[in-house]
Amino acid sequence: MLRFLTAGESHGPSLTVIVEGLPSGLPLVEEDLADQLARRRLGFGRGPRMRFERDALRLTGGIRHGRTLGSPVAIEIVNTEWVKWEEEMSAAPGEPTRRLTAPRPGHADLVGMQKYGFDDARDVLERASARETAARVVVGSLARALLGQIGVSVLSHVVRIGDVAYEGPRPGPTDQGVVDESEVRCVDSETSSRMVTAIKAAAKVGDSLGGVAEVVAYGVPVGLGSYVHWDRKLDGLLAGALMSIPAVKAVEIGDGWRQAEQRGSEAHDAIYRDDQATTSGGYGRRSDHAGGLEGGVSSGAPVIVRVAMKPLATLNRPVLETVDVASGESTVSFKERTDVTAVPAMGVVAESMVAIVLAGEALRKFGGDTVAEFVRNHEAYVAHLGSAPSTARPL
Ligand SMILES: Cc1cc2nc3c(=O)[nH]c(=O)nc-3n(C[C@H](O)[C@H](O)[C@H](O)COP(=O)(O)O)c2cc1C
């Protein structure tokens with residue numbers, strides 16, 4: 001099984017991640033991790049700092065000569081601006097130079113101050129900040145590398161920003177490059193332009209936009225997840241992981257919301273024999289309404305999830321009412337650095353969370369202390385899928 005823990009504050013010296021459960025022998029190159037982190041910085045509507053900076057990584061455990069050792073992998077994402085923040089974020093005893101006492105609506109500021117007993121919202125926002133999702137993208141890169149060994153690939157694309165939606169064909173397993181070339185990570189150039197126009201219009205009036213990203217996992221074999229235990233259902237695991245992303249407010253598996261309006265005769269995926277369908281043991285589905293999940297178990301069809309993000313709560317104009325907790329007076333919320341929209345970046349984080357969940361379930365199913373063992377177990381399982389079901393009864 002795969003577990004990970006992240007630590008670190010947005011403007012602290014670094015974010016740290018420890019990943020446990022990866023088998024030995026997985027090839028890992030720092031450049032690949034950095035490339036995935038760079039993808040998280042993409043997207044029209046993000047600040048200029050996002051576009052030009054590259055995250056600096058330190059691989060401090062579990063990897064030797066470009067391969068995992070089977071021990072916990074430890075990675076640091078270094079804050080390249082630490083010198084500017086060293087005094088404000090120092091771990092040594094002291095006082096902040098300025099307390100942030102007007103909690104921002106739509107953020108964790110007020111509830112965090114109340115829960116942990118702080119009088120400075122910075123004590124909350126430094127950790128609640130979506131900067132933490134950079135650490136998840138690093139874990140996602142490791143998960144992706146493992147999944148790649150068994151032919152699973154995970155991609156995302158933006159299907160809505162504000163009121164501009166993309167409803168065309170879904171990108172295929174090799175289309176991630178095309179998606180990433182778009183400023184808004186939308187596969188269609190005409191829709192991309194309309195999304196950019198919508199972002200510019202929101203920016204002009206100091207407002208923000210939400211939207212929807214779709215994540216698709218190709219090559220997932222039948223049988224990940226479980227219908228036996230509520231807490232091992234793959235749909236539940238995916239929904240939980242995706243809902244944990246800051247500002248994500250809804251997750252849809254397959255055609256989830258649309259299915260609620262349909263009749264049973266039109267909402268389900270008919271089954272047929274398909275000798276080419278190796279990941280599903282020779283059975284195809286006529287449609288993909290279920291998003292590749294039946295009873296909490298992967299069917300071998302592409303896994304499809306959609307993730308809805310709210311419009312960002314920090315605005316470039318002071319309109320949201322709040323209360324200064326020091327004076328008790330009504331005021332407007334302060335502005336910490338903010339984007340107009342972060343839907344393209346959220347898509348990359350969502351991809352990472354899907355990869356982490358799938359890698360964890362693949363390890364649960366195929367096991368192995370070495371990558372070779374993991375791959376062998378997967379191959380044997382897929383080869384056996386084609387044969388007739390066992391009629392053996394337990395003794
Ligand atoms: C990649 C990413 C970037 C984000 N950037 C911002 C931002 O610039 N400004 C902002 O107000 N919220 C931003 N957020 C959302 C906040 O972190 C989030 O709304 C806040 O922590 C409260 O959590 P909640 O919305 O889940 O309740 C971002 C989220 C993600 C996933």
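View 1. Strands here are DSSP runs of E with at least two residues, helices are runs of H or I with at least four, and both are numbered from the N terminus. Two strands pair if DSSP finds at least two bridges between them. This is a predicted model: local features need pLDDT of at least 70, side-chain atom pairs count only at pLDDT 80 or more, and totals for chains, interfaces and linings use all residues. Residues are numbered from 1 along each chain as its sequence is written.

**View 2. Strand S2 (residues 14–20) pairs with S1 and with S6.** Five bridges join the antiparallel strands S1 and S2. Ala 7 stands opposite Thr 16, and Leu 5 opposite Ile 18. Six residues lie between the strands of this hairpin, where Gly 8 takes a positive phi near 125°. S2 and S6 pair in the antiparallel sense over six bridges. Ile 18 stands opposite Ala 74 in S6.

**View 3. Side chains alternate along S2.** Leu 15, Val 17 and Val 19 point to one face and are buried. A residue is buried if 20 or more other C-beta atoms, placed from the backbone, lie within 10 Å of its own; it is exposed at 12 or fewer and partly exposed in between.

**View 4. A second open sheet, of five strands, has the order S8-S7-S9-S15-S10 with antiparallel pairing.** Strand S8 (164–165) and strand S10 (248–253) are its edge strands, each pairing on one side only. Eight bridges join strand S7 (residues 153–161) to strand S9 (residues 211–218), which run antiparallel. Arg 160 stands opposite Val 212 in S9.

**View 5. Helices H9 and H12 lie across strands S10 and S15.** Helix H9 (residues 234–243) runs at about 155° to S10. H12 also lies across S7 and S9, at about 145° to S7. Axes are lines fitted to C-alpha atoms, for helices over the stretch in contact, and angles run from 0 to 180 degrees between N-to-C directions.

**View 6. The largest nonpolar core has 86 residues.** Val 138, Leu 147, Val 305, Met 346, Ala 350, Val 354 and Leu 358 touch the most other members. H12 supplies the largest share of this core, 15 residues. Leu 147 touches, among others, Val 152, Val 154 and Leu 358, not counting residues up to four places away in sequence. Contact needs C-beta atoms, placed from the backbone, within 7 Å. A nonpolar core is a set of buried Ala, Val, Leu, Ile, Met, Phe, Trp, Tyr and Cys residues joined through C-beta atoms within 7 Å.

**View 7. The ligand is surrounded by 20 residues.** The closest are Ala 130, Pro 246, Ala 247, Thr 314 and Ala 342. A residue counts as near if its C-beta atom, placed from the backbone, lies within 6 Å of the molecule. Helix H12 (residues 343–366) gives the most to this shell, with three residues.

Methods
Contact = placed C-beta atoms within 7 Å.
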